[in-house]
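Please open the model in your viewer and keep the selection tool ready. The tour goes from whole chains to single residues, and each stop begins with something to select.

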Amino acid sequence: MKKSHILIIVVIAAAVGILVATADDASSYVSFSEAYQLASTGNQKDIHVVGQLKKDGNGNIVGIEPGADKVSFSFIMIDDNGKEQKVSYKEPMPADFTKSEKVVVIGSYSGDTFVASKILLKCPSKYQEEKVNV
Amino acid sequence: MMHYFVGDLGHLFVITSFIAAIASAFSYFRSTGAASLDLKDQWRKNGAVAFYVHATAVLGICVTLFIIIYNHYFEYHYAYSHSDRNLPLHYLISTFWNGQEGSFLLWMFWQAALGLVLIFTNRFWEAPVMTVFGLVQAFLASMILGVVIPGLDFRIGSSPFILLREVMQNAPIFVSNPEFIPNDGTGLNPLLQNYWMVIHPPTLFLGFASTLVPFSFCLAGLWLKKYREWVRPALPWALFGGAVLGLGILMGGYWAYETLNFGGYWNWDPVENGIYVPWLILVASIHTMITYKNSETALKASIILVIAVFVLVLYATFLTRSGVLGDSSVHSFTDLGLSGQLLVYLGFFLFGAIILSIVRWKEIPSSDKEVSTYSREFWIFVGTLVICLMGFQVLLPTSIPAWNKFVGFLGFSSNMAPPADQIYFYTKFQLWFAVAIALLSAVGQFFWWKKMDVRQLGKELLMPFIITLVAFVVILQVMVSFYSSEAINARYLIILFSALFTVIANGKILLSLLKSSPGLSGGAVAHIGVGMMLIGMMFSSGYSKVVSLNNTGLLYSREASEEYNRENLLLFINEPRTMAGYKIEFKGERLEPRWKSGYLNPNDVEFIEDPYRVVAKRDIQYNGRKLFNAKDTIEIFPENKYYEVQLVSQGGGKHTLYPRIQDNPTMGVAASPDIKRDLSKDLYAHIVDLNDPEKAEWSKTEEIKVAALQEFFANDYVAVLEKVERIFSIGNTKLDSADVAVKALIRVKGEYEEYLAEPIFIIRNRMVGRIPDEIKDLGVRLTLMNIHPETGQFSIGIDTRQKDWIVLKAFEKPLINVLWIGTLVLMIGFGIAIVRRSREFKKMKEKGLE
């Protein structure tokens, strides 16, 4: 066997190892109900939930509450299946939070509250902006 | 008045650049394929002229876009959504590439510039290389074309010259008045208002652009069947790209370190990974190309890697700009609807390059000799493979969102998400790759220039190994005295040892090279830089520790988390505390003047209606230097508030930190750290929370009667009523002769300075009015309540509130300077190598070989 063949085998093995490890460490996008089930079966792994902020009839966001220490806050999010859930976040509200059209929370359930360790925002694209500062 | 002309002109330039790029590619293509020399030359000239037109048009686009931004033509969407009237010139420049269209433009600009350089320096390869350039430029120009195909309702590209009203067609204001021009733009994200954002993007895009050069030479080589010859002209450009791209990445990291408050310089965000992977592969390709130049092996590997670099740059562009990452990146991307176009761009060059390689594969020379384990080729090749795996490990999870989309496109569904804790996940793999690279680059360098066997190698490596061991033991001793035994983690020690080993082994090579041929020392210097970077990363991240510990023994807030109460320092104004061996004291809020460097104490200025201007109450000093005279009108940045925090070391040395809070009404609040840089460590501090003066709770007013020059207490501070005098105007308002107004001058002794409060009592139209005066630093508000002429006394109202406070978080980052110095050393290494390879090129050119 040539050395180059051994090298190729080693590289392929390493690549497969990386592939397996990535699949193992990968998180997943789930709904709030699935996330709740996962947590109640003792799975503490952080997962992603995609959804929107709760809005009233006039399009105003409702349910945002500042935390007692001012550096945290909680809000109500509706996932893609329409389930409402209170989400708490241990950091200040990210910039553009209220402008976002889509929110991704990464975290897990603690009791009945979803505790987010990270929040990602998707903001409207420029072809959907409607408001001009007059 | 709407400025239509400049936008129309800009759009014309875009279309011209697109067509000229295609014309140039076509002409150069014909030139490459032409049979007769005459025809070749004619087509080549055509191609060159078309490229000049293209380059001029690109410059024209840049100039027109900048005119729109510079003159605040807010009828254009680009100016409206990325800038405002109050941005200084250098941020107006960064506005230029803040939007996606502008960054495409920046990329095009650099490639046009590099194309011109190639036309002027390399006649031999001009035609085939510039064919590729022309095609790439045409694709980029199409991204900002903004042309709607009639009948199909399909838009090609997103134009930077689009009018605001075209974007917001449904906004009521445009329905009633199509000529409406907003008074001001929405501004630039405060986090991007940083000098690094002026130079980081151009550097990065120059790096992106320079990866096109080796790619074009490689394709030209395959096309002309000059399989060996393309490597030499491509190599200096690959080195140039490696240096510039690396520098650009590190500038981004440094910006994050200085501006964002997560306490680090790298977050393994998809956007960062998207550039990191091509850079790694670029470095790998440089190694295989050097191997090929020296030993005729690894030609095929070089071809694959050089193509991979450019394709990965396009892939990163696709990932970050198509909206695919929308659910997985903290960077919020606005989707311009270009994903289809970006995919075509990526696919064209990916499949084009693959097909060309497959067609030519059999003809590419390769050596059948079995490589010796004691040859440099073997070890460099192993190192290259490690770098490639390192890139693969990052590329894979970063691509999960794209994979989900792809699977979804095929009709299946995948709900895989990138790992939740990115820093932990990537670090645990990348660390071991880094160790492997450090060891390989230490050992590999010794094969570089002479034949080796086990004994010879052992002899060469013995000295560096012993020195490393000694240095390692010494550092370990120092670490043991500083850190607890749990903190001294085996993984960190392995990194430390291998990084030290590569620094010392390459140092030995450098020393011997400096005597004989310093021009060849680029590799050794670069590897020393990499080793230093590893040492700096290991210490600054692994041994970063929170020093802002709550040492009062009291909870700040019962509701807040335990960590919040433990790891933050609550500082009331002018009340010293201790932190990390310093006496630390919050001295108050500061403002930033626009045209002078320094800070203003709000006590020294009067606020007027215009938020961007204040008037100096008295002469203003900063660090013993006079900044402004009394009555000067000073322009300020009202969004930026700084908080002066003074540190006094045990030796008495003083240092002042100015962490910043930016409050932008549309973008939100952002905290940026300030850093005290010492040789051995950085002290990194940012604000976590502060009191909101608008929500201050004032105590019930206490009213006292005092005579002139009588002392009294206000919020426990000694105050004295100096005098009461009649005034005839308030601010700029002149009072009528029937009005009576008096001003009390009350001097209050603070901890460090005396403050003057000037409350006003006024009788106008028989109505009593009172204008209180607040001394912000002391949390006191004084009101002249009443005058008692019969007793010669005055009633003073005293309101008090909690004094101003901030909550500060501070970290110690040991040896982070080793990381920054290491990056500089790496860049110097690249520089030496570029000089060497360019000299080779010149020699070949003078001989008429190329």
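Begin by colouring chain B by confidence: its mean pLDDT is 89, and 97% of its residues score at least 70. What you are looking at is a predicted model, scored at ipTM 0.85 and pTM 0.91. Applying the colouring to chain A gives an average pLDDT of 81, with 86% of the residues at 70 or above. Among the elements of chain A, strand S3 (residues 65-66) has the lowest mean pLDDT, 79, while strand S5 (residues 84-89) has the highest, 89.

**Chain A**

Stay with chain A and switch to a cartoon view, in which two helices and seven strands can be picked out. Followed along the sequence, these elements come in the order α-β-α-β-β-β-β-β-β. Of the 134 residues in chain A, 24% are buried, and among its contacts with a separation of 6 or more, 44% are between residues 24 or more positions apart.

**Chain B as a whole**

Now select chain B, whose secondary structure amounts to 21 helices and 30 strands. Its C-alpha atoms occupy a box of roughly 115 × 75 × 55 Å along the principal axes. Buried residues make up 46% of the 850 residues of chain B, and 68% of the contacts between residues at least 6 apart in sequence join residues at least 24 apart.

Colour chain B by its domain assignment, which gives domain 1 (1-188), domain 2 (229-418), domain 3 (562-691 + 807-812) and domain 4 (702-803).

Select residues 37-70 of chain B, which form helix H2. Why does the end-to-end distance of H2(B) agree with expectation? At 1.5 Å a residue its 34 residues should span 50 Å, and the end C-alpha atoms are 49 Å apart, so the two values agree. After H2(B) comes His72(B), which has a positive phi near 55°.

Next select residues 454-482 of chain B, helix H17, whose 29 residues reach 40 Å from first C-alpha to last, close to the 42 Å expected at 1.5 Å a residue. Centre the view on Leu462(B), where H17(B) has a kink of about 35°, shortly before the proline Pro464(B). Is H17(B) largely in the open or largely buried? Two of its 29 residues are buried, so H17(B) lies largely in the open.

**The nonpolar cores**

Show side chains for Tyr76(B), Cys218(B), Ala234(B), Ile281(B), Ile307(B), Val309(B) and Leu534(B), the residues with the most contacts inside the largest nonpolar core, which has 182 residues. Helix H12 (residues 299-321) of chain B gives the most to this core, with 18 residues, and the core takes at least three residues from each of domain 1 and domain 2 of chain B.

Then zoom in on Ala234(B), which, leaving aside neighbours within four places in sequence, is in contact with Val213(B), Pro214(B), Phe217(B), Cys218(B), Met289(B) and Val306(B). Apart from this core lies another, of 33 residues, including Leu570(B), Leu571(B), Tyr643(B) and Leu657(B).

**Loop residues and a strand**

Select Ala298(B), in the loop between helix H11 (270-295) and H12 of chain B; this residue is not a glycine, yet its phi is positive, about 65°. Ala298(B) counts as buried because it has 27 C-beta neighbours inside 10 Å, where 20 or more are needed.

Move on to Asn623(B), in the loop between strand S10 (620-622) and strand S11 (625-628) of chain B, another residue other than glycine with a positive phi, near 50°. With 9 C-beta neighbours inside 10 Å, Asn623(B) counts as exposed, the cut-off being 12 or fewer.

Finish at Val740(B), in strand S23 (residues 740-749) of chain B, which is partly exposed, with 15 other C-beta atoms within 10 Å.

Key:
Residues numbered from 1 in each chain as written. Chains lettered and ligands numbered in written order. Predicted model: local features only at pLDDT ≥ 70, side-chain atom pairs only at ≥ 80, totals over all residues. Helix = DSSP H or I, 4+ residues; strand = E, 2+ residues; numbered from the N terminus. Expected span 1.5 Å × (residues − 1). pLDDT = per-residue confidence, 0-100. Domains from an automatic or database assignment. Contact = placed C-beta atoms within 7 Å. Bend = angle between axes of the 7 residues up to and from the residue. Core = buried A, V, L, I, M, F, W, Y, C linked by C-beta atoms within 7 Å.
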